[in-house]
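Subject: Structure handover

Hi,

Here is the structure I promised to pass on. Please open it first, then read my notes below.

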Amino acid sequence: MKYMILQGLVAAALAVAFTRHFDGDKAFRVKPQDEGQVELVKYLSSMVQLDFWRPDSAHTIVPQTDVDFRVEADQIKTIQTLLEQNGMQYEILFQNVQEGIEKQFDGKPNSSNRRYSYSKYNKWEKIVAWTANIAAKYPKLVSRIQIGTTTEERPMYLLKVGKQRSAKNAIFIDCGIHAREWISPAFCQWFVKEATKTYGKDKLMTKLLNSLTFYILPVLNIDGYVWTWTADRMWRKNRSNSSNTNCIGTDLNRNFDVQWCSIGSSNKACSEVYCGPAAESEKETKAVANFIRNNIQSIKAYLSFHSYSQMLLYPYSYTYELAPTHEELNDVAKAAVGALSSLYRTNYTYGPAASTIYPTSGSSADWAYDKGIKYSFTFELRDRGKYGFLLPEYLIKSTCKETMLAVKNISSYILRYVS
Ligand SMILES: [Zn+2]
């Protein structure tokens with residue numbers, strides 16, 4: 001017995017030892033006023049390793065737009081001096097990133113340990129068990145499908161939610177393509193909870209589930225998500241070593257086969273926006289693309305969930321040119337954002353991705369759109385930088401509740417369009 005306890009303690013100590021800490025790291029916000037200041041930030045990022053939070057790489061920094069980044073503790077003095085010497089104002093979003101990481105777990109523990117908590121962040125082991133449990137609990141409404149395996153051989157499960165046995169009209173929803181954006185998987189779980197709990201009670205939800213099929217992928221980048229829990233909370237990419245270098249991970253939202261590895265992505269393996277060695281080189285991308293291709297007749301809408309920025313985006317990301325159905329997409333986005341903000345007045349912006357947030361290539365939403373899925377949207381959930389990726393658990397419920405209104409709004413539009 002003693003030995004077992006000791007073994008447990010050693011394992012716990014090792015786990016802690018291997019977990020990356022962010023003590024003393026700060027998150028900065030700057031707003032370059034002109035091209036000169038944009039160049040300065042790019043120069044800083046070439047001198048010191050900056051972890052860009054928004055935009056997601058130095059490539060896409062433009063004047064008059066906020067740039068948020070994390071600086072490691074021992075580099076803070078250098079960065080502050082250089083910013084000050086060049087007359088560039090800055091704001092500090094996090095005085096201590098590690099503190100922010102610890103503070104996000106502020107959700108109330110469940111009164112009953114057996115109940116699944118939707119207002120806490122859940123580890124992958126819990127989520128995967130939940131996918132099985134919820135399918136078993138609601139067999140007439142939910143089924144679980146495996147669409148592939150990840151780099152580290154974890155099964156990728158999709159939940160099929162709806163009353164139709166074979167899907168005629170479907171909406172594909174994925175969460176967690178970027179590992180550190182934890183509010184995103186929390187939303188996918190919330191969606192399934194709401195669907196199962198309110199079917200037969202809520203008029204609109206009942207109507208939607210009677211006629212539409214929702215394919216929900218709760219966590220797309222599972223290996224990366226696991227890594228954010230066990231080793232590095234700020235991890236973004238997947239965990240493959242497809243570049244055969246020391247740098248691990250491909251940005252899965254740069255790996256889809258659409259204008260692959262051109263604008264807003266990098267062919268350097270160490271980059272946070274590394275596009276991978278080829279389009280669809282990653283098992284996770286391949287699994288999603290194959291599933292969508294195999295069901296292309298029925299999938300009418302594609303919704304992808306990210307954080308943070310409070311935006312609802314539609315194609316294109318890879319060009320500033322307007323999509324052929326721009327007007328309609330803009331109308332749908334406007335109505336969805338209106339529905340979302342009706343609850344707590346949360347302010348969302350919307351528009352074509354390239355000009356509203358920044359240009360990227362190889363994104364899932366552009367790929368789906370060019371495959372013929374006319375209604376393709378990307379959500380950037382809360383917030384606008386106060387907490388960034390470290391949104392506290394106490395905000396999960398309100399974030400998910402307002403987002404549900406937008407998703408239901410888009411879904412009822414799809415239903416009107418297909419019927
Ligand atoms: Zn993202």
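Two strands pair if DSSP finds at least two bridges between them. Strands (E, at least two residues) and helices (H or I, at least four) are DSSP runs, numbered from the N terminus. With that in hand, look at Ile173, which stands opposite Leu303 in S9.

Two points on the source. This is a predicted model: local features need pLDDT of at least 70, side-chain atom pairs count only at pLDDT 80 or more, and totals for chains, interfaces and linings use all residues. Residues are numbered from 1 along each chain as its sequence is written.

**The strands around S9**

Strand S7 (residues 170-175) runs parallel to S9, and 6 bridges join them. S9 also pairs with S12, again in the parallel sense, over 7 bridges. There, Ser304 stands opposite Thr378 in S12.

**Glu380**

Which residue does the UniProt annotation "active site" cover? In that unreviewed entry, the annotation covers Glu380. UniProt positions follow the numbering used here, feature names are shortened, and annotations may be inferred rather than shown by experiment. Glu380 sits in strand S12 (residues 375-381). Glu380 counts as buried because 23 other C-beta atoms lie within 10 Å. Leaving aside residues up to four places away in sequence, Glu380 touches several others, including His306, Ser307 and Ile357. Contact means C-beta atoms, placed from the backbone, within 7 Å.

**The whole chain**

The protein chain has 13 helices and 12 strands. Of its 419 residues, 47% count as buried. Its C-alpha atoms fill a box of roughly 65 × 60 × 45 Å along the principal axes. Among contacts between residues at least 6 apart in sequence, 76% join residues at least 24 apart.

**The two domains**

The domain assignment gives domain 1 (20-103) and domain 2 (124-418). Such bounds come from an automatic or database domain assignment. The contact takes 19 residues from domain 1 and 18 residues from domain 2. On the side of domain 1 that touches domain 2, strand S1 (26-30), strand S2 (51-54), strand S3 (67-71) and helix H4 (97-103) each supply at least two residues. S2 gives the most, with 4 residues.

Best wishes

Key:
Buried ≥ 20, exposed ≤ 12 C-beta atoms within 10 Å, placed from the backbone. Contact = placed C-beta atoms within 7 Å.
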